[in-house]
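Good morning. Please have a look at the structure on the screen, and then I will go through a few parts of it.

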Amino acid sequence: MTPRQHEVLENALELLVSGGEKALTTANIARASNCSKESLYKWFGDRDGLLAAMMAFQGSKVGAAVGQETLASKDAFKAYLVRFARELLSVLSGDISLALNRLAIGQASNPSSPLGPLLIENGRGVIETKGISFLNAAKDKSFLDFEDARTAYHVLYGLIVRDIHVRLLLGEPREQVIQNFELQAQTAIVHFYKLYGPEG
C-alpha cells in the first residue's frame with residue numbers, strides 16, 4: 001500500500017478507538033483523511049475490505065522482515081526474537097488492537113458477521129505467517145530445532161502473550177498487567193530456547 005493509504009488506515013483505527021464502531025463510517029473516515037468516499041471504495045472496496053485492510057495494517061506493525069543480518073548469527077537471531085516479542089506485546093496491549101478485538105468479539109455470536117474471521121486471517125494471521133517464516137529460516141540455519149514450525153510458533157506466541165490479552169480485553173488496567181515489556185520479552189525467549197534451542 002501507499003503511504004497515503006497507510007495514513008487513511010491510521011485515521012480509521014483512531015476513529016475506532018475514539019468513537020467505537022458507530023464512528024467507523026466511510027463519511028467519517030473520508031473526512032478525517034481529507035479524501036473522498038470514492039477513493040476509499042477504490043482503495044479498499046466495501047466495508048469488509050476496509051476492515052480487513054485495517055487489521056492487516058495493524059498486524060504489519062509486528063515483526064520486521066528477516067534479512068541477512070538477522071540470520072548472520074545465533075545471537076543476532078535471538079535478539080530479533082526478543083524484538084518480535086516486545087513488538088507483539090506492545091501492539092496487542094495498545095488501544096487499537098484492543099478496540100479491534102472488542103469489536104470482533106462483540107459480534108462473534110452473529111454468524112453473518114465477518115469480523116471474527118477477518119481478524120483471525122488479516123490480523124493474527126499476518127503475524128503468524130511472519131512467525132512461521134522466520135522460525136523456518138532459523139531452523140535452516142540450525143539456530144532452532146523443532147519438527148513443526150506452526151506448533152513452535154504457537155508455543156512462542158503463548159510464552160510471549162500468556163493471559164495478558166484476555167486480561168486487558170476484560171478491562172484490567174494496563175499497568176497491572178504488564179510491568180516491563182523488555183523483561184517479559186526476554187523471559188519468553190529464554191523459555192522458548194529451553195524447548196527449541198539447538199541443544200534442547
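Where is the place of Leu 9? Leu 9 is in helix 1. Before I go on, please keep in mind that this is a predicted model.

Is Leu 9 buried or exposed? Its relative accessible area is 0%. Buried means under 20% relative accessible area, so Leu 9 is buried. Leaving aside residues up to four places away in sequence, Leu 9 touches Met 1, Phe 44, Leu 50, Ala 53, Met 54 and Phe 57.

Now a second residue. Gln 184 lies in helix 11, which covers residues 181–196. Gln 184 has 9% relative accessibility and therefore counts as buried. With residues up to four places away in sequence again not counted, Gln 184 touches Leu 89, Ile 160, Arg 162 and Ile 164. How far are the C-alpha atoms of Leu 9 and Gln 184 separated? The answer is 30 Å, and along the chain the two residues are 175 residues apart.

Back to helix 1, this time with a partner. Helix 1 runs over residues 3–19 and helix 6 over residues 95–106. Their axes come within 9 Å and cross at roughly 70°. Angles of 65 to 115 degrees count as roughly perpendicular, and therefore helix 1 and helix 6 are roughly perpendicular to each other. The crossing in which helix 1 passes helix 6 is left-handed.

Which residues make this contact? On helix 1 they are Glu 10, Leu 13, Leu 16 and Val 17. On helix 6 they are Asp 95, Ile 96, Ala 99, Leu 100 and Leu 103. Sorted by class, the contact of helix 1 with helix 6 has seven nonpolar residues, two charged ones and no polar ones.

The last item is another helix pair. Helix 7, residues 115–140, packs with helix 8, residues 149–161. The angle is about 115°, and the axes are 9 Å apart. Is the crossing of helix 7 and helix 8 left-handed or right-handed? It is right-handed.

Helix 7 brings Arg 124, Ile 127, Glu 128, Gly 131, Ile 132, Phe 134, Leu 135 and Asn 136 to the contact. From helix 8 come Ala 149, Arg 150, Ala 152, Tyr 153, His 154, Leu 156 and Tyr 157. The residues of the contact of helix 7 with helix 8 divide into nine nonpolar, three polar and three charged.

That is the end of my part. Thank you.

Note on methods
Residues are numbered from 1 along each chain as its sequence is written. This is a predicted model: local features need pLDDT of at least 70, side-chain atom pairs count only at pLDDT 80 or more; totals for chains, interfaces and linings use all residues. Side-chain values use heavy atoms; hydrogens and water are left out. Axes are lines fitted to C-alpha atoms, for helices over the stretch in contact, and angles run from 0 to 180 degrees between N-to-C directions. Helices (H or I, at least four residues) and strands (E, at least two) are DSSP runs, numbered from the N terminus. Angles under 35 degrees count as roughly parallel, over 145 as roughly antiparallel, 65 to 115 as roughly perpendicular and the rest as oblique. A crossing is left-handed if the near helix is turned anticlockwise from the far one by less than a right angle, and right-handed if clockwise. Contact means heavy atoms within 4.5 Å. Ala, Val, Leu, Ile, Met, Phe, Trp, Tyr, Cys and Pro count as nonpolar, Asp, Glu, Lys and Arg as charged, and the others, Gly among them, as polar. Buried means under 20% relative accessible area, exposed over 50%, partly exposed in between (1.4 Å probe, protein chains only).
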